[in-house]
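Me: Hi! Could you walk me through the ligand site in this one?

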Amino acid sequence: MVQATPLLLVLFLALGAHGLAVKKCSLTGRWVNDLGSNMTITTVNANGVFAGSYHTAVTATSNEIKLSPLQGSMQKSPNQKGQPTFGFTVNWSFSDSITVFTGQCFVDEYGKEVLKTMWLLRSCVENIKNDWKATRVGTNVFTRLQSQE
Ligand code: BTN
């Protein structure tokens, strides 16, 4: 027992240090994507429900771009290990379109947080015959704005 104690102590410290080293991905803060769009997630509550704002760099319309609200939800299940899945909707203030994003918040090999997402942009069309061309699909990668780190 006397010899086992230092061994257990080393094991305990090693496990503890490992636990501390595992960085978790947090959605809160300011993000920029590969198109240059900016997103701010202001609040994530205990149930994983969040809100924020989105300033897109591009538009499928000829309208003037305006800051738009977003609402979303992230997984809070106990078995997810600090890299949660999430989804959010942007209700565009300057067009009659809606975009839904789904993705996962990762910590990459350099310890940098990255949001890998896919989106569907639903535009409003004149009539049901035009439904076939109403939805665009794509991907966006978001990184945290440097000033936030
Ligand atoms: C519209 O054009 O009606 C609204 C703006 C849509 C912007 C899209 S949403 C998916 C993609 N990612 C962005 O950051 N912007 C575009």
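This is a predicted model: local features need pLDDT of at least 70, side-chain atom pairs count only at pLDDT 80 or more; totals for chains, interfaces and linings use all residues.

Me: How many residues surround the ligand?

Reply: There are 16, and the closest are S37, Y54, T59, S95 and N140. Surrounding here means having a heavy atom within 4 Å.

Me: What about polar side-chain atoms by the ligand's oxygens?

Reply: An N or O atom in the T59 side chain is 2.7 Å from a ligand oxygen. For N33, a polar side-chain atom lies 2.9 Å from an oxygen of the ligand, and for S97 the distance is 3.1 Å. The cut-off for a polar contact is a pair of N or O atoms within 3.5 Å.

Me: New topic: how many salt bridges?

Reply: The count is 2, taking a side-chain nitrogen of Lys or Arg within 4 Å of a carboxyl oxygen of Asp or Glu. One of them joins R144 and E113, at 2.6 Å from N to O.

Me: And where do R144 and E113 sit?

Reply: R144 is in strand β8 (residues 135–144) and E113 in strand β7 (residues 113–122), 31 residues apart. Strands are DSSP runs (E, at least two residues), numbered from the N terminus.

Technical notes: Residues are numbered from 1 along each chain as its sequence is written. Side-chain values use heavy atoms; hydrogens and water are left out. A polar contact is a pair of N or O atoms within 3.5 Å; within protein, one must be able to donate a hydrogen and the other to accept it, and residues adjacent in sequence count only if both atoms are side-chain atoms. Helices (H or I, at least four residues) and strands (E, at least two) are DSSP runs, numbered from the N terminus.
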